[in-house]
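Please keep the structure in view while reading.

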Amino acid sequence: MSFQRQAPPGTGQDRSLIGRDIPRADALAKACGSERFAIDLYPEGLLWAGAKRAGVPHARINSLRLDAALRVPGVIDILTRADVPGSNRQGIVHKDQPVLCGSKVRHGGDPVALVLAETRQALESALVLIEMDLTPLPGVFDAASALAKGAPLVHEENEGGNILLHAVIAAGEGKKVLRRCPVRVRGSFIVPMQEHAFLETQNGVARLRPDGTLDMTVSTQAPFRDRFEIASALGLDPGRIRIRAPYLGGGFGGKDGATVQCLLALAALKAGGRPVKMVWEREESILAGYKRHAARLHYELGAGRDGRLAALTCRIYYDTGAYAHLGGEIMELGMEHAGGPYRIPNTHIEGFCVYTNNPVAGAFRGFGVAQTSFAIERMVDALAAKLDMDPLQLRLQNALRPGDLNCSGVRLEDEFGFAGCLEAIAGHPHWTGRGQWTKAARPFTRRGVGLACAANAMGYGRGLPDAAVAKLELTGQGRFRVYNAVADMGQGNAATFCQIAAEELGQELRDVELVQPDTLLCHPSGSSSASRTTYTFGNALIKACAAMRDKLFARAALFLLKDELAGLALLPGRVRDTQTGREVALTRMAAMLPRDDRVCVSEFLMPVVADPPATGRAFRLGFPHRFFSYAAHLCGVEVDELTGKVTLLRSLTAVEGGQVVNPQCFEQQVQGASAQGAGYALFEDFKVDQGRILAKDLSTYLIPTALDLPDLEVIAVAGDEPTGPHGLKGIGEVGLHGPLPAIASAVQMAVGAHLGEGPITPERAYAAAKRPRGKGGRK
Amino acid sequence: MIVDFVLNGKRLRIDCDPGRRVVDYLREEAGLTGVKEGCGTGECGACTVLVDGVAKLSCLMLMAQLAGRELLTVEGLGSVESPHPIQAAFAGHGAVQCGFCTPGMVMAAAELLAADPDPSRETVRRAISGNLCRCTGYVKIVDAITAAAHGLNEARKDKD
């Protein structure tokens, strides 16, 4: 892929770096094993910290017996609730999650004690020897039982009982118009939790410096926010906490919010100035880490006989587990996307985000949208079947176009190209040749081809300013240093910042260097999340580059004895006066300029919806969103008639995300999202029984291997977002939503039965194939 | 226990706990943190190293098992200054995202290409099927290994 464009004026470049496959700046060091992740740090004289986890989903804590554990040689200290200064509460919006539980535990992963030891062996021995005297309490393990009258309460003090958030988004007259629709379809859907399964588990190192600074390096998506979360929970001054975030070994949302941070900080406070390391083992990561929200969704969709969508009503239940994390905000985004990328003038979307004694749900790539995408796409398929219409044409007929109102009643003022995604699929041989392809199924197998679409918002949404501050330095050696302030969890934003800076400054890529997020050196720029990272920080960086260029011209004028700045050009390693041909090297200028004068800092704030609709009043922040990326996704599957095993043979994703700055990075994101979506669709059965996780490791919780996926194909659909850096929108999440509904649709085509529950395991596909035909689609 | 082995081309004779996991020795003692640990139970492949040319999981090996063996980690294969063609291909073909699975993938690929200089995509997929990647969907990893195979074959032809 290649999209050649003009270089920016004044840089003297003959060839733009934008739109080209640029190998990522971080790739080679990672491939050679020399990149240091947080987990690779073993400071001299370190202590190990680890948490004792409750192991039961709901219980009163009577007492802890620590004496045997304290006698283990090498154990330094064991901390409990009584040792926690401050509020002992973590949480991004709702602070409801204890650092260490004192009176009760609300899910199996809750920590009750923190051990500090000289060695990992001593730590492990001590954790086993801590005795917990707990009185089990009756628990609630799904939304329905949590909402039942007299249900046990997860948080007794919560005003809404087990309800974290109840909200409605309405546009037009959803319920009324639906009753009058000549064609209606109804369906109920279930999706399980999903585990992030990043390969680098939650970890960090921390040390209390002699000057009182808490110096931490953490595998985190939100280093700037972490300071405030730690400070609030432990009663510290956030200004005395320094967080560094090196490259993450995966995040996907699961490292947005406190994981090890508060426990590690607490341990460091008690470590006498020695460094402390905490690494969650894989089973602990699965037990205590955040999950995608399990959900139940009840939909009814109405249309005219011509297929024009008229009304949608739905009730959705998100299980946020024992703590809020961002549960309300996640359900909000799901609700905002409940109608998919379609024009539905009348909607009534009601959501309940509910506490249970299940593992804690939180941010996960797609942030609530995967669940509602499944439901709406299955409904559109059901409608197409009822109307006997082509599912692609029905989608195209109702596709959101610029100027339309979306299902939240927000007018989409910006240009976008969702219809182009559908057209790209419609013209592809995988779609046009699907009849022949499905007929070519091998003996005892059946084939099907399914289609699904999605939108995914970019940014925090209204009410929470989505801002970034970029700092750029001309180093003393005459190179440029970008202070990346948004963690790179693998998506490649850091490398893209190098590409953008090199482009804007007219420099060779090798003359741009990076500093990774460090709250001491960089400026607060928000979290690595919400498909915002490259858009928001990239825009700030472009402004910093322009300021730097202006500054260098002004300073070069002195060297070049110019009275005015016209005719100056920034070239690799030098400023040139194009009128006289005289040049001054950046190394020379850098040596003469004081450091303060070699730094430029610029900021950017994402624009928001100017005129938000009068709905979604329950959302305190993050509603509505203005910018969206779009995708259409095709899957071709083969179903084994004898075993029910579904094999994904074809996967094609067309994505519109504005301009493509680096096609290689674009494909990486879409392929990675498709793979996680395929895992969600077929393999990732996060089984929980009465709050106990059954899929507790990577041999029982199966993520796709190289043998489970075909070559994932990607089409970049032409687009342009004028407010984006080089016309870009965020596309890190939108590719995740298609696979589950598209595979369900393909399996339905193959076996002739409706599938409304994910993942589509062999058992479910087999049972569906055995159901008498004609009963699918509408329950 | 005294254990003699070769680590990244260097002959070593060390006094160690024979029951210590090789991954812990490599990361904490030898400073070879390119060897990653993703699960500790042999499920993810991030800690893959070559033992006498065979891909092994260093989280499931104990120090005593190293006696008389030749051990190669990702650091021994190549460096940023002088990368092995497989490492260069991973970087050039976009096979690296978060990069945590990459060292193990690279070592699995090294074992494959030593045995099969011209593998099909299906063969590559089978060879790396014990190495989990959560970022890429594997396409570009397969691209990189296939391209590295071609590059190595061309280099061999040049020598003939």
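Helices (H or I, at least four residues) and strands (E, at least two) are DSSP runs, numbered from the N terminus. Counted in this way, chain A has 20 helices and 32 strands. The model is a predicted one, and the values that follow should be read with that in mind.

**Chain A as a whole**

The C-alpha atoms of chain A occupy a box of roughly 85 × 70 × 55 Å along the principal axes. Chain A has a radius of gyration of 27 Å, which agrees with the value near 28 Å that a compact globule of 779 residues would have. Of the 779 residues of chain A, 60% count as buried. When contacts in chain A between residues at least 6 apart in sequence are considered, 80% of them join residues at least 24 apart.

**Domains**

| Chain | Domain | Residues |
|---|---|---|
| chain A | domain 1 | 27–35 + 467–605 |
| chain A | domain 2 | 39–137 + 202–279 |
| chain A | domain 3 | 291–461 + 612–770 |
| chain B | domain 1 | 2–76 |
| chain B | domain 2 | 85–159 |

In chain A, the centres of domain 1 and domain 3, taken over C-alpha atoms, are separated by 38 Å. The contact between these two domains takes 15 residues from domain 1 of chain A and 20 residues from domain 3 of chain A. On the domain 1 side of this contact, α15 (493–505) and α16 (533–560) of chain A each supply at least two residues, and the largest share, 6 residues, comes from α16(A). By class, that side of domain 1 of chain A divides into 4 nonpolar, 10 polar and 1 charged residues.

In chain B, 21 Å separate the centres of domain 1 and domain 2, again taken over C-alpha atoms. Here 15 residues of domain 1 of chain B are in contact with 13 residues of domain 2 of chain B. The elements that give two or more residues to the domain 1 side are β3 (48–51) and β4 (54–57) of chain B, with β3(B) providing the largest share, 3 residues. This side of domain 1 of chain B has 9 nonpolar, 5 polar and 1 charged residues.

**The nonpolar core**

The largest nonpolar core has 314 residues, of which A:Val115, A:Ala267, A:Cys421, A:Ala501, A:Leu541, A:Ile743 and A:Val747 touch the most other members. The element that gives the most to this core is α16(A), with 11 residues; α16(A) also supplies the largest share, 6 residues, of the side of domain 1 of chain A that touches domain 3 of chain A. Leaving aside residues up to four places away in sequence, A:Ala267 touches A:Ala49, A:Leu114, A:Leu116, A:Ala206, A:Val276 and A:Met278.

Technical notes
Residues are numbered from 1 along each chain as its sequence is written. Chains are lettered from A and ligands numbered from 1 in the order in which they are written. This is a predicted model: local features need pLDDT of at least 70, side-chain atom pairs count only at pLDDT 80 or more; totals for chains, interfaces and linings use all residues. Domain bounds come from an automatic or database domain assignment. Two residues are in contact if their C-beta atoms, placed from the backbone, lie within 7 Å. Ala, Val, Leu, Ile, Met, Phe, Trp, Tyr, Cys and Pro count as nonpolar, Asp, Glu, Lys and Arg as charged, and the others, Gly among them, as polar. The radius of gyration is taken over C-alpha atoms; the globule rule is 2.2 Å times the number of residues to the power 0.38. A residue is buried if 20 or more other C-beta atoms lie within 10 Å of its own, exposed if 12 or fewer, and partly exposed in between; C-beta atoms are placed from the backbone. A nonpolar core is a set of buried Ala, Val, Leu, Ile, Met, Phe, Trp, Tyr and Cys residues joined through C-beta atoms within 7 Å.
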